[in-house]
Amino acid sequence: MGSEMSSLPDLELFTMGMWSIGLGAIGVAVTGILLANTDLFLSKPEVASLEFLETAELKSLGEAEERTFKAGELWKKNGAVIMAVRRPGCFLCREEASELSSLKPQLDQLGIPLYAVVKEKIGTEVEDFQHYFKGEIFLDEKKKFYGPHKRKMLLMGFIRLGVWQNFLRAWKNGYSGNLEGEGFILGGVYVIGAGKQGVLLEHREREFGDKVILQSVLEAAEKIKPQAADTE
């Protein structure tokens with residue numbers, strides 16, 4: 001009887017210890033989730049200069065003869081709006097591509113082309129993406145439009161409330177996708193002026209589904225000053 005009584009405090013201490021460990025683990029998990037939903041651990045984007053972007057080597061897609069050229073050709077005369085696509089099969093990217101494409105009538109009136117760049121070409125992913133994007137698409141194998149500092153969002157992205165809200169929004173809007181290709185290097189949208197006018201808007205994706213504000217794209221596009229035909 002005495003030994004049974006003496007073992008009770010030990011059992012209580014063990015139970016309290018286990019509860020403490022459990023509560024501590026829950027506290028750590030909750031703290032981790034809260035921190036993941038702040039900007040504390042997000043990669044900070046490095047501004048891409050015009051000089052950096054214009055030297056990017058791009059390849060044409062969907063042409064009988066593949067062409068390699070410097071990106072500066074895209075905006076030399078009339079400027080350009082360029083989407084750096086995180087992953088063509090991603091339904092969030094397809095949503096943003098569709099919304100950017102809704103600006104094409106206004107951009108056409110301004111004489112400003114709409115382009116996109118992708119990191120890789122897998123199967124028919126680019127062709128399928130073309131259903132959502134109403135502009136030419138080029139291959140940026142060296143990922144210069146995703147730099148200078150390439151930012152990644154890994155598994156942390158799936159515990160961010162904003163990402164799940166973006167998932168739900170795109171799903172409700174009827175977008176679907178697949179898991180083909182690299183999708184962790186974040187993309188963005190640029191509005192680049194004609195010639196040496198410079199980068200007028202640089203939107204860098206903060207998290208999966210962080211879209212550019214369309215009104216900001218139009219406002220930046222309206223600032224583009226087309227170059228004369230004989231201007232180098």
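Glutamate 54 is buried, with a relative accessible area of 18%. The model is a predicted one: local features need pLDDT of at least 70, side-chain atom pairs count only at pLDDT 80 or more, and totals for chains, interfaces and linings use all residues. Residues are numbered from 1 along each chain as its sequence is written, and side-chain values use heavy atoms, with hydrogens and water left out.

### Salt bridges

Glutamate 54 has a charged partner. Lysine 196 forms a salt bridge with glutamate 54. The term means a side-chain nitrogen of Lys or Arg within 4 Å of a carboxyl oxygen of Asp or Glu. By this rule the count comes to 13 salt bridges. Lysine 196 lies in the loop between strand 6 and strand 7 (199-204), and glutamate 54 lies in helix 2 (residues 50-54), so the pair ties together parts that are 142 residues apart in sequence. Helices (H or I, at least four residues) and strands (E, at least two) are DSSP runs, numbered from the N terminus. Lysine 196 is exposed, at 62% relative accessible area.

| Pair | Closest N to O distance |
|---|---|
| Lysine 196 and glutamate 54 | 2.9 Å |
| Glutamate 95 and arginine 169 | 2.7 Å |

Now take the pair of glutamate 95 and arginine 169, whose closest N and O atoms are 2.7 Å apart. This pair links distant parts of the chain: glutamate 95 is in helix 4 and arginine 169 in helix 7, 74 residues apart. Glutamate 95 is buried, with a relative accessible area of 0%. Arginine 169 is partly exposed, at 25%. Both belong to a network of salt bridges that links Glu95, Glu99, Arg169 and Lys211.

Glutamate 182 sits in the loop between helix 7 and strand 6, and lysine 119 in the loop between strand 4 (114-118) and helix 6 (125-129), so the pair ties together parts that are 63 residues apart in sequence. Glutamate 182 is partly exposed, at 24% relative accessibility. Lysine 119 counts as buried, at 6%.

What else does lysine 119 contact? Leaving aside neighbours within four places in sequence, its contacts include Val85, Arg86, Leu139, Tyr146 and Ile185. Contact means heavy atoms within 4.5 Å. Gly183 is in contact with lysine 119 too. The C-alpha atoms of lysine 119 and glycine 183 are separated by 9.6 Å, and the two residues are 64 residues apart along the chain.

### Asparagine 166

Helix 7 (residues 161-172) also holds asparagine 166. Asparagine 166 counts as buried, at 10% relative accessibility. Not counting residues up to four places away in sequence, asparagine 166 touches Leu92, Glu207, Phe208, Gly209 and Asp210.

### Cysteines

How many disulfides does the structure hold? The number is 0. A disulfide is a covalent bond between the sulfur atoms of two cysteines. Here the test is a pair of cysteine sulfur atoms within 2.5 Å. The sulfur of cysteine 93 is 3.8 Å from the closest cysteine sulfur, in cysteine 90, which is too far for a bond. Cysteine 90 is buried, with a relative accessible area of 4%. Cysteine 93 is buried as well, with a value of 4%.

### Cavity and pocket

Rolling a probe the size of a water molecule over the atoms shows where empty space is left. On a 1 Å grid over the protein atoms alone, a cavity is a set of points where a 1.4 Å probe fits but cannot get out, and a pocket is an open set with protein on both sides within 12 Å along at least five of seven lines; lining residues have an atom within 4 Å of a point. Grid points are joined across faces, edges and corners, and a volume is the space filled by probe spheres set on the points.

The structure holds 1 cavity of 30 Å³ or more. Of the 14 residues that line the largest cavity, Met83, Cys93, Glu96, Glu205 and Asp210 are the closest to its centre. About 80 Å³ of space lies in the largest cavity. Helix 4 gives the most to its lining, with 3 residues. By class, this lining has 5 nonpolar, 4 polar and 5 charged residues. Ala, Val, Leu, Ile, Met, Phe, Trp, Tyr, Cys and Pro count as nonpolar, Asp, Glu, Lys and Arg as charged, and the others, Gly among them, as polar.

The largest pocket has a volume of about 290 Å³. Its lining has 15 residues, and Arg87, Cys90, Phe158, Asn178 and Leu179 lie nearest its centre. The lining of the largest pocket divides into 8 nonpolar, 5 polar and 2 charged residues.

Definitions and conventions: Buried < 20%, exposed > 50% of the residue type's maximum accessible area, 1.4 Å probe, protein only.
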